[in-house]
Amino acid sequence: MKNPGCRLGVCRWKCIVHNIFVSRLAQRLQARAIRRGDSAGSPRWKPESSEEQTAHGLSFLFLYPFVMSIVWMVGGCVYAWWRERRTSPEPPDLPETPFVSILVPCHNEGDVLEDTIGRMLQLDYPAYEIVALNDGSTDDTRAVLERMADRDARVRVVNLPVQRGKAHALNVGLVASRGEILVTVDADAVLAKDALRFLVWHFVAPGSERVGAVTGNPRIRNRGTLLGKIQVLEYASIIGLIKRAQCVLGKIMTVSGVIAAFRKRALVDCGMWDEDMVTDDIAVSWKLERRAWDIRYEPRALCFMWAPERLRSLIRQRARWAQGGVEVLIRNASVLWTSKNRRMIPLYVEELLGIAWAYLWVVSLVWTLAFDAAHGIPWTYVAEAGTWLGLTSLVQTAIALWIEQRYERDSLWRYYFYAIWYPAAYWMIGAFVVV
């Protein structure tokens with residue numbers, strides 16, 4: 001009798017998994033047994049060939065992104081089914097509308113402020129102000145802001161005489177703000193009209209007393225270049241899936257620097273933004289989590305941002321992210337022996353594994369090209385592992401686009417062609433900038 005599972009293709013998938021993993025494992029065990037002299041007539045010990053050593057080293061390099069991709073896909077699907085399946089795309093009815101202060105740090109942004117702040121004045125929310133933080137600009141930023149403040153009383157301008165960075169400007173904005181809910185937005189980003197309602201809902205819903213921050217859903221505005229198209233996929237397939245997976249695991253470790261909402265009391269409790277850290281958003285997220293404040297993700301709160309269009313700008317951005325991540329790990333190393341922060345240990349270890357993978361990837365690449373080229377690079381293994389990694393990336397992107405499409409008017413599927421280039425843009429550039 002035919003197995004009913006064959007109708008669903010179960011047997012076929014079992015065969016594929018068997019061929020990929022079980023057969024390869026059996027081949028390796030057999031090769032190891034032969035080296036130890038378990039087979040008749042074989043020498044007692046035989047060292048691994050250089051090709052085998054290279055293949056073993058490459059296994060971790062391909063296995064880590066493969067495993068993390070599986071974790072992100074499973075986490076994203078669980079969150080979509082658990083939280084997003086029943087949510088409405090319409091803005092929620094708020095039981096109360098607390099006063100909101102939108103903090104906009106800006107440095108030499110005079111050419112975009114008319115557009116971005118002009119759109120902020122059209123948001124669908126009854127009580128809010130815009131606190132524009134002019135961080136020592138040398139262009140016409142101050143004149144533009146003061147002109148807009150004269151037109152609308154909701155715009156307030158704070159002029160800082162010397163540029164001291166985004167974190168310092170945000171700390172000044174916190175002191176100058178009048179709202180209990182603070183929303184931080186980049187000067188060149190455009191908020192969706194109903195974004196405030198989606199963000200504020202998390203602070204006023206029943207049982208939300210410990211909600212310290214809510215991170216929104218950044219989207220790419222410039223989608224004309226190859227880097228722009230790849231980053232559209234990145235923000236959907238990596239950043240969106242990671243935040244969903246972290247929600248399922250119980251801890252969001254990074255709020256978006258482009259759009260995030262904070263409870264002012266929580267920021268004061270954790271010591272506000274660190275002015276000596278490269279990435280203020282990652283640092284303040286860890287501080288909130290360590291003080292047991294809840295951080296949530298709201299995919300319906302959209303914010304459209306400009307992405308780097310040149311490779312040099314992209315590398316500079318990723319290098320800043322990598323440096324900020326390492327700084328945060330060093331400053332928060334005590335979570336490993338602090339019992340009240342024990343739930344952060346798995347995420348801390350995952351961050352460490354990511355850094356270790358980056359160093360091993362670069363070292364292995366240099367080693368393979370410099371030394372193994374003379375003995376033969378196992379191109380068959382590299383091609384096989386690379387093919388499976390590329391297929392995994394395609395599946396991951398398809399899942400992410402399927403989840404994110406409900407928040408996008410335009411079709412995201414037209415960018416799916418560029419998904420095959422995404423592993424190179426994300427993993428390889430990421431590894432080099434970490435090192």
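Is Trp286 buried or exposed? Trp286 is buried, with a relative accessible area of 2%. The views below come from a predicted model.

**View 1. Trp286 meets Tyr348 edge-to-face.** Here the two ring centres are 6.0 Å apart. The planes of Trp286 and Tyr348 sit at 75° to each other, and since anything over 60 degrees counts as edge-to-face, that is what we call this pair. A search of the whole structure turns up four aromatic pairs.

**View 2. The Trp286–Tyr348 pair ties helix H9 to helix H11.** Trp286 belongs to H9, which covers residues 280–290, while Tyr348 belongs to H11, covering residues 345–370. That's why the pair links parts of the chain 62 residues apart in sequence. Tyr348 is buried too, with a relative accessible area of 5%, under the 20% cut-off for that label.

**View 3. Arg83 puts its charged end over the ring of Trp82.** The distance to the ring centre is 4.4 Å.

**View 4. Arg210 lies over the face of Trp293.** In this case, Arg210 is 3.8 Å from the centre of the ring.

**View 5. Zooming back out, the chain has 13 helices and eight strands.** Its 435 residues include 49% that count as buried. Take the contacts between residues at least 6 apart in sequence: 81% of them join residues at least 24 apart.

Conventions. Residues numbered from 1 in each chain as written. Predicted model: local features only at pLDDT ≥ 70, side-chain atom pairs only at ≥ 80, totals over all residues. Heavy atoms only, no water. Phe/Tyr/Trp six-rings, centres within 6.5 Å; stacked < 30°, edge-to-face > 60°. Helix = DSSP H or I, 4+ residues; strand = E, 2+ residues; numbered from the N terminus. Buried < 20%, exposed > 50% of the residue type's maximum accessible area, 1.4 Å probe, protein only. Lys NZ or Arg CZ within 6 Å of the ring centre and 35° of its normal. Contact = heavy atoms within 4.5 Å.
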